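Here are a few quick notes to read alongside the model. Have it open and follow them point by point.

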Amino acid sequence: MPRQKGTPDLDRLDRIVADARRARDEREQGYRAQALKLYPWICGRCAREFDRSNLHELTVHHKDHNHDNNPLDGSNWELLCLYCHDNEHQRYLEQPGASSGQRETRPAATHTPFADLASLLKQDE
Ligand SMILES: [Zn+2]
Ligand SMILES: [Zn+2]
């Protein structure tokens, strides 16, 4: 009897995706567990306290926003509640947008060197 196997390639792909997802989850579980061991279960921003019943709302934030930077002494981790964590990332996203605010200060900064140059040239004459 020939076995009717559906789509082996998709099966394989599914397995790869599942493996990658599990590896990420395990890594996340790893540093989260470590951070929860190191730090008191309190949000670093709003000081809300957590216990086993609501611990899933306490998340690990990476201070340098690099999730691959996980020193075991916890120096890159901060425990934040879901809301403060959200806030933190929004502030971080708004920071690079400062390019639009920089435009206002730039003309003033570029004017002065030219003024200096002009006065220097005059002194040479
Ligand atoms: Zn909070
Ligand atoms: Zn974060």
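1. A term to start with: buried means under 20% relative accessible area, exposed means over 50%, and partly exposed is in between (1.4 Å probe, protein chains only). By that rule, cysteine 84 counts as buried because its relative accessibility is 13%, and cysteine 81 is buried too, at 1%.

2. Some housekeeping. This is a predicted model, where local features need pLDDT of at least 70, side-chain atom pairs count only at pLDDT 80 or more, and totals for chains, interfaces and linings use all residues. Residues are numbered from 1 along each chain as its sequence is written, chains are lettered from A and ligands numbered from 1 in the order in which they are written, and side-chain values use heavy atoms, with hydrogens and water left out.

3. What holds the zinc ion (ligand 1)? Its protein donors (N, O and S atoms within 2.8 Å of the metal, or 3.2 Å for Na, K and Ca; water is not among the atoms, so sites may look incomplete) are the SG atoms of Cys43, Cys46, Cys81 and Cys84, at 2.3 to 2.4 Å. In sequence, these donor residues are spaced C-x2-C-x34-C-x2-C.
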